[in-house]
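Student: Can we work through this structure by question and answer? I would like each answer to end on the value or name asked for.

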Amino acid sequence: MHTVVCIKQVPDSAQIRVHPVHNTIMRQGVPTIINPYDLFALEAALTLRDKLGGTVTVLCMGPPMAEDSLRKALTFGADRAVLLTDRYFAGSDTLATSFALSSAIAKIGETFGPVDIVFTGKQTIDGDTAQVGPGIAKRLDLNQLTYVSRIAGIDADTREITVERRAEGGVQVLKTVLPVLITMLEGTNEIRRGSLADALRAARAGVTTWNAADAGITELLKCGLRGSPTVVKKVFAPSARTEKAVLIETDGRNGAQMADALIAAILDRNPALDADLRRLSAGF
Amino acid sequence: MSDAPRQQAPAAGRAGMKKELPDRFKSYKHVWVFIEYEHGHIHPVSLELLGEGRKLADKLQVELAGVLIGGDVDELGEAARACFEHGADLVYRVADPVLAHYRNEPYTKALTDLVNTYKPEIVLLGATTLGRDLAGSVATTLLTGLTADCTELAIDDERSLAATRPTFGGSLLCTIHTLNFRPQMATIRPRVMAMPPAVPGRSGRIVDHGLDMTELDIITKVLQFIPDRDTDKAQLAYADVVVAGGLGLKSAENFQLVKDLAGVLGADYGGSRPLVQKGWITADRQIGQTGKTIRPKLYIAAGISGAIQHRVGVEGADLIVAINTDPKAPIFDFAQIGIVANAVELLPALTAAFRQRLSVHRLAS
Ligand SMILES: Cc1cc2nc3c(=O)[nH]c(=O)nc-3n(C[C@H](O)[C@H](O)[C@H](O)COP(=O)(O)OP(=O)(O)OC[C@H]3O[C@@H](n4cnc5c(N)ncnc54)[C@H](O)[C@@H]3O)c2cc1C
């Protein structure tokens, strides 16, 4: 079983600050991490390899520094790492990103053996689009299984795979045939800490670096800004509300008095809520 | 839509920034809303989008269409009625037994064929698991732009769709255009657009379209659908009152205080993300950027700091009430009513006071 896991290096969004004047992201000093959802994908791929054998290739498109993330993935136990990096990719939207990644995946298949499953995370924490996985699937003509919470089984002989995916209002159990693209949902599993052997192997393994030509990409018009139909016209910070909360006085009041004051303030602000609350609490 | 949001580009000098709509796209007109129809009902986000789509269509002076895809022609006809009552002028209907359950392959084909045949300039879908699964493949097949998970839509002076969405976990907003390709596609979060009032009896026309695909063409099979029939299932997105707790509650046991208040109010309950990570609540009860967007009439947040990722999920609430021990907590920047108090002590008092008040009312009425 050969799986390719797409990972992205992202700024740790919990630590992001927005420039107060320019409304741009201040990246300086913000640590980068592997997109957390991609780790669920990596873990799923490693678990499959443990069960069925085979290899796990991690693929990342990004600037040269993204090599750090790939090294990390190797220490978690991935077998091979490919960094796709070229200035032609700068400014790619999801359509251009899926083009570059799918081209690289095709090349990985030619170079290292046919790919059975492509994994991605559900979405990234910087872009939050959840569009790159489906884009790759379409471009490689793979069946897509998004928001997968569990791989229920794979039959190596018939090449059938059964998964559970989160749908609106329930869980869908789907069966399809490899090769497929799977986007993994959050919280499905915890990423393992690689073994010492993994760490040693990772140190030796090294990262394969490809530019556009190496990945067999000749249609440069489909890459980067030029290959991106969407255009970001404006970036801005959410408007701060100027009005501050009305604070309920607490001095010298016990809990019951505070509660009464709070309820009075709520109903004072919105008297219509009184009827709503009566209706709801009565269970209508 | 950029998955790696670019910094603000200079206004001129980039080919991509100028609108040079190729001739083949000039005939693209009308606004479409994909109507998510599953298990016998329309997802509310689709009706919300008809309301928003109506505004866009009126501004562009074009028609508003709903797209209904499913297994049963009569059921879809019923659903079409709801679409007309919520603002659609017409409905494109693709009914075929292979479309009975959502699967990416046949739905992508159905929607792509419709777009290629009838050429809409804007296609909107709900940012649900179904909508995002479908939108990504349709946009890639059509090689057009797609903006994910939008919270605001507008038409600019050049008739271009301006789609605004949060990015970097909600720290920034960006406005995205698809200038040189058609259709312009976007997915929109549930509950950020207001539900349009239904106009009973309002009607429109139905255009039927075939699928031209058989079960044999489709590799993926649906084996089972397991509904969230758990009686404790969260209905957060559509709850009128929501009570939520955060790390300030200090322990899983104390979370019961949130449930108690919710119980008395007939409210639904949820929490901040760390509570999901700690296992105090299930993931479907997480409120915020990576959880649910809520739009209740009343939101009570107990022991929640109000980080930006939480804030973007609750901003649509009519009235936000914050209970927090720290007067500098960011939640006081966007709550309308706040109290600097220990939630573990105040919640039981609040529950008791509401219980008394509401039972008195019940006796009186
Ligand atoms: C990519 C990403 C996505 C995220 N998505 C979400 C999301 O969807 N939803 C979400 O909620 N978070 C999300 N977060 C996390 C978010 O950044 C915050 O970390 C989180 O909201 C904080 O939760 P909290 O307010 O419960 O905890 P804390 O930040 O620890 O705040 C606890 C608050 O309780 C107060 N407090 C302490 N004791 C008491 C007491 N006895 N009584 C009353 N108040 C008390 C404190 O003053 C403090 O303000 C996300 C983060 C990232 C990086």
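Student: Which residue stands opposite A:Val231 in strand 10 of chain B?

Tutor: This is a predicted model. Strand 14 (residues 230–236) of chain A pairs with strand 10 (residues 172–178) of chain B, in the antiparallel sense and over six bridges. Within this pairing, the residue opposite A:Val231 is B:His177.

Student: What area is buried between chain B and chain A?

Tutor: The size of an interface is often given as the accessible area lost when the parts come together. In this model 96 residues of chain B touch 93 residues of chain A, with heavy atoms within 4.5 Å counted as contact. Carbon and sulfur atoms give 58% of the buried area, and the total is about 8500 Å².

Student: How far apart are the closest N and O atoms of B:Asp133 and A:Arg165?

Tutor: Side chains of opposite charge can pair when their charged atoms come close. Between chain B and chain A the count is four salt bridges. B:Asp133 and A:Arg165 form a salt bridge, for which the cut-off is 4 Å. Their closest N and O atoms are separated by 3.7 Å.

Student: Which element gives the most to the side of chain B that touches chain A?

Tutor: Across the interface, 31 residue pairs are in polar contact, both residues being at pLDDT 80 or more. On the side of chain B that touches chain A, the residues divide into 42 nonpolar, 33 polar and 21 charged. With nine residues, the element that gives the most to this side is helix 8 (residues 343–364) of chain B.

Student: Which helix holds both B:Lys55 and B:Glu52?

Tutor: The whole structure has 33 salt bridges over all chains. One of them joins B:Lys55 to B:Glu52, with the closest N and O atoms 3.3 Å apart. The two residues are three apart, about one turn of the helix, and both lie in helix 1 (residues 44–60) of chain B.

Student: Which are the edge strands of the six-strand open sheet?

Tutor: The order of this sheet is 15(A)-18(B)-17(B)-16(B)-14(B)-15(B), with parallel pairing. Inside it, strand 14 (residues 241–245) and strand 16 (residues 298–302) of chain B pair over five bridges, and B:Val242 stands opposite B:Tyr299. An edge strand pairs on one side only, which leaves strand 15 (246–247) of chain A and strand 15 (268–271) of chain B.

Student: What is omega for the cis peptide bond between B:Arg182 and B:Pro183?

Tutor: B:Pro183 lies in the loop between strand 10 and strand 11 (184–188) of chain B. Chain A has a cis peptide bond from A:Leu178 to A:Pro179, with omega near 0°. For the bond joining B:Arg182 and B:Pro183, omega is about -5°.

Student: What phi does A:Asp128 have?

Tutor: A:Asp128 is in the loop between strand 8 (117–121) and helix 4 (132–140) of chain A. The residue is not a glycine, yet its phi is positive, at about 55°.

Methods: Residues numbered from 1 in each chain as written. Chains lettered and ligands numbered in written order. Predicted model: local features only at pLDDT ≥ 70, side-chain atom pairs only at ≥ 80, totals over all residues. Heavy atoms only, no water. Buried area = accessible area lost by both parts, 1.4 Å probe. Salt bridge = Lys/Arg side-chain N within 4 Å of Asp/Glu carboxyl O. Polar contact = N/O pair within 3.5 Å; in protein donor to acceptor, adjacent residues only side chain to side chain. Helix = DSSP H or I, 4+ residues; strand = E, 2+ residues; numbered from the N terminus. Nonpolar A, V, L, I, M, F, W, Y, C, P; charged D, E, K, R; others polar. Pairing = 2+ DSSP bridges.
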